[in-house]
Number of protein chains: 2
Amino acid sequence: MDFNPVEIIKKKRDGGTLTEEEIRFFISSFLTGQIPEYQMSALLMAIHFNGLNDDETLSFVRSYVQSGKTVDLSFLNKPKIDKHSTGGVGDKTSLILAPLLACFDVVVPMMSGRGLGHTGGTLDKLESITGFRIDLSVTEFVDILKKLNVCMIGQTDDLAPADKKIYALRDVTATVDDIGLITASILSKKIAEGAEGIVYDVKMGSGANLPDTEKSRELAYKLLETTRKFGKEACALLTDMNEPLGYAIGNWLEVEECISIMDPSAKKSHLSEDLIQITLTLGGAMLMLAKKCEGIQEGFQMCEKKLFGGECFAKFVNLVELQGGNVELMIHQETYPAASSRSEIRAFDDGFISLLDALAFGTAAVNLGSGRMKADDKIDNSAGILLSKKVGDRVNKGETICELFAETENRLRTAESILNKGIGISKTGSQLKDKIIQVID
Amino acid sequence: MDFNPVEIIKKKRDGGTLTEEEIRFFISSFLTGQIPEYQMSALLMAIHFNGLNDDETLSFVRSYVQSGKTVDLSFLNKPKIDKHSTGGVGDKTSLILAPLLACFDVVVPMMSGRGLGHTGGTLDKLESITGFRIDLSVTEFVDILKKLNVCMIGQTDDLAPADKKIYALRDVTATVDDIGLITASILSKKIAEGAEGIVYDVKMGSGANLPDTEKSRELAYKLLETTRKFGKEACALLTDMNEPLGYAIGNWLEVEECISIMDPSAKKSHLSEDLIQITLTLGGAMLMLAKKCEGIQEGFQMCEKKLFGGECFAKFVNLVELQGGNVELMIHQETYPAASSRSEIRAFDDGFISLLDALAFGTAAVNLGSGRMKADDKIDNSAGILLSKKVGDRVNKGETICELFAETENRLRTAESILNKGIGISKTGSQLKDKIIQVID
């Protein structure tokens with residue numbers, strides 16, 4: 001059926017509800033180029049103001065999914081569970097969760113994204129492992145899933161291509177914040193990749209992509225509701241993103257932190273308590289959706305055993321090998337090329353760390369070279385930040401709070417000046433809040 | 001100075017006020033192509049929702065004017081007054097007003113537009129006069145103004161080109177209705193053409209471009225206020241556009257109606273009372289702005305004399321001649337090529353005409369061929385509608401209400417079916433309302 005694009009924009013602009021046919025027409029015509037970018041961006045801005053109701057959101061998801069192929073994993077007689085994080089700083093849980101769940105005979109068909117703004121991306125982290133290929137064909141993806149239960153790739157051009165094209169436009173037209181559009185973008189990829197259950201890690205706080213706390217909560221409920229309407233299992237965690245997760249920020253540094261947790265023989269410089277707690281809770285939720293346990297707490301304990309017993313690490317090494325990565329690096333991280341410049345930020349006073357602002361650390365890390373300021377910027381895999389302290393820790397004046405790594409001294413200076421306002425020390429310690437704010441299931 | 005376009009869009013989206021520098025940057029970068037259409041349309045939609053305040057509107061006007069050349073008429077030691085109508089059906093007052101005011105030694109540098117949607121455009125009407133050139137250079141424009149005090153042209157690429165480019169984008173992104181953007185578009189052209197005083201004819205009712213009555217009133221006030229902030233004289237009339245103005249709708253038919261009013265020797269088939277009343281009131285207001293009289297009523301009477309005395313018609317014939325039009329047609333309208341197909345709509349009952357819906361008549365006329373449905377449609381100058389009755393007139397069953405003219409029988413059938421719901425007859429006559437709803441000066 002043929003519609004008038006201007007009438008569709010006007011309808012949404014005036015607060016009307018778009019039909020499934022109108023949404024499908026608009027999205028498919030945009031993908032073929034019959035509807036130009038300027039009409040799509042006008043519609044997106046109208047959606048920003050008037051929102052998408054539940055039915056419209058479903059239509060967006062379906063239109064995104066129908067715009068490309070879908071992976072058929074039905075021949076695998078195992079639960080297929082994925083996890084999605086709305087993005088944070090030092091958020092590396094996927095690197096551990098994907099192989100961990102695979103150890104329980106749960107299939108994890110994980111399609112991830114790149115770093116965005118001040119937040120990191122799983123794809124960039126994986127690619128810091130020399131040789132690791134994230135651009136597999138659907139056939140290769142399915143093959144590795146059959147062998148290992150897990151495979152980690154990027155969004156291919158085949159799956160949900162409309163989402164990819166529209167996302168790129170949202171990014172440059174200030175229309176990334178709408179709950180309905182975010183939900184459609186996330187869920188369509190999960191459906192296309194073949195997941196049957198999804199655990200959402202919705203970040204809240206200064207380092208989250210949606211800084212507004214109420215909007216994050218709204219997003220969590222919308223994600224759950226919409227996912228269930230597609231007959232999929234879902235669960236959401238609201239987690240704190242006011243300070244970076246774990247101790248490392250930066251692609252290879254984060255891989256190293258994950259290895260140090262997964263490899264039982266590794267020397268641990270710090271115990272990444274917050275990272276481990278969130279990872280195991282997410283893992284427990286994934287096991288629950290896979291019907292491998294009764295509740296998250298039971299799943300948490302099951303995950304704990306496999307993680308610290310070394311099974312998870314063995315699976316991770318297998319995954320790296322099958323996806324073309326250098327396995328030697330998994331054992332000998334000291335052979336990885338080091339950053340040429342390094343500096344430290346030291347405590348300016350005695351006391352307790354009261355602030356490690358996630359937004360400041362994320363922005364500083366991008367400026368060190370671990371992320372992109374423009375779409376075609378090259379990433380420096382060795383760049384980043386290693387914390388020595390976390391919020392609540394006692395420090396003495398002059399003690400190292402964090403180390404910075406980059407290619408040039410200039411980058412170090414820029415990052416230091418960004419971090420200046422992102423670190424706080426107080427005279428008295430205070431009660432630490434739980435990193436898991438709420439579990440919605 | 002360089003700004004980030006996404007940040008500017010976000011600022012307006014979130015209800016902020018854009019600075020003159022931000023607006024100028026966005027508009028000039030759009031004109032050079034550095035800001036793509038999809039970012040401009042996102043900004044326009046954000047403006048639709050959050051509006052432009054007075055200062056922002058002024059910045060838009062200035063940026064539009066500065067995007068091109070301006071006509072310098074300061075060497076003409078006479079008042080320069082123009083009129084602008086927001087557009088209606090059968091609205092042909094400009095054809096009479098321009099030569100009429102020129103008779104008083106008032107310079108009328110009129111830059112008009114084409115038909116838009118169901119409403120007609122002065123340019124299309126002028127071009128129905130064989131040979132009439134509306135695409136004059138600025139030099140030719142000024143030359144004719146020097147000789148005649150009046151010249152009527154289209155928007156050139158030189159004057160306010162940013163408005164032209166942005167208007168085209170608004171038209172296809174459902175962002176034409178914002179009061180601030182409309183004001184900037186209208187006023188920038190008037191300033192660029194060199195007008196010192198402007199009378200606004202803001203239409204209200206079914207056939208107006210802004211159907212919402214309150215919005216029309218708001219537009220009138222915004223036009224007045226913004227015009228005066230530029231140190232120009234202004235006055236606005238709110239006029240009724242629920243039924244077509246006068247008896248003719250369609251380009252050449254409307255020129256003929258104007259000639260029949262202006263030419264004292266012409267045979268009058270009808271006395272176009274509503275058209276004459278509005279034209280003379282607008283003329284009175286223009287004379288008042290030109291300081292040729294004390295008030296509109298005095299100006300009205302002065303205009304009446306020149307219009308019916310034949311001076312105005314002589315000036316019109318001069319204008320047609322200097323702009324390349326066929327002067328013979330001014331006397332011998334019977335030589336104009338007639339439409340090949342013709343039909344009539346007759347009264348289905350005895351009574352009084354209670355409805356001649358301007359929107360229906362405008363839409364029907366476009367379908368007959370007098371307007372464009374797509375930008376590149378060719379116009380049929382002979383097509384249109386001639387009313388025999390006006391609202392309030394007594395009719396007998398079977399009497400002609402209007403005649404339709406087109407190239408094909410098909411077009412007649414389409415127009416007839418549109419007019420079906422646009423004509424009403426009631427058993428009792430009712431008090432006619434004044435066509436001039438309000439004068440704001």
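**Briefing: a predicted two-chain model**

The model is predicted, and the predictor assigns the complex an ipTM of 0.85 and a pTM of 0.87. For chain A the average pLDDT is 95, with 100% of the residues scoring at least 70.

**Relation of the chains**

- Two copies of a chain are related by a rotation about an axis and a shift along it.

**Packing of helices α12 and α13 in chain A**

- Helix α12 (residues 273-289) of chain A and helix α13 (residues 296-309) of chain A have axes that come within 7 Å and cross at roughly 115°.
- The crossing of α12(A) and α13(A) is right-handed.
- From α12(A), the contact is made by I276(A), Q277(A), L280(A), T281(A), G283(A), G284(A), A285(A), L287(A) and M288(A).
- From α13(A), the contributing residues are I296(A), G299(A), F300(A), M302(A), C303(A), E304(A), L307(A) and F308(A).
- By class, the contact between α12(A) and α13(A) comprises 11 nonpolar, 5 polar and 1 charged residues.

**Helix α5 in chain A**

- Helix α5 (residues 93-102) of chain A is mostly covered, with 10 of its 10 residues buried.
- The buried residues of α5(A) include T93(A), S94(A), L95(A), I96(A) and L97(A).
- Also among the buried residues of α5(A) are A98(A), P99(A), L100(A), L101(A) and A102(A).

**Residue T93 in chain B**

- T93(B) is located in helix α5 (residues 93-102) of chain B.
- T93(B) counts as buried because its relative accessibility is 0%, and the cut-off for burial is under 20%.
- Apart from neighbours within four places in sequence, T93(B) contacts K83(B), L245(B), L275(B), I278(B), T279(B) and L282(B).
- T93(B) and T122(B) are 29 residues apart along the chain, and their C-alpha atoms are separated by 9.0 Å.

**Residue T19 in chain B**

- T19(B) is placed in the loop between α1 (5-13) and α2 (20-32) of chain B.
- With a relative accessible area of 31%, T19(B) is partly exposed.
- From C-alpha to C-alpha, T19(B) and I8(B) are 9.6 Å apart in space, and they are 11 residues apart in sequence.

How values were computed
Residues are numbered from 1 along each chain as its sequence is written. Chains are lettered from A and ligands numbered from 1 in the order in which they are written. This is a predicted model: local features need pLDDT of at least 70, side-chain atom pairs count only at pLDDT 80 or more; totals for chains, interfaces and linings use all residues. Side-chain values use heavy atoms; hydrogens and water are left out. Axes are lines fitted to C-alpha atoms, for helices over the stretch in contact, and angles run from 0 to 180 degrees between N-to-C directions. Helices (H or I, at least four residues) and strands (E, at least two) are DSSP runs, numbered from the N terminus. A crossing is left-handed if the near helix is turned anticlockwise from the far one by less than a right angle, and right-handed if clockwise. Contact means heavy atoms within 4.5 Å. Ala, Val, Leu, Ile, Met, Phe, Trp, Tyr, Cys and Pro count as nonpolar, Asp, Glu, Lys and Arg as charged, and the others, Gly among them, as polar. Buried means under 20% relative accessible area, exposed over 50%, partly exposed in between (1.4 Å probe, protein chains only). pLDDT is the predictor's confidence in each residue, from 0 to 100.
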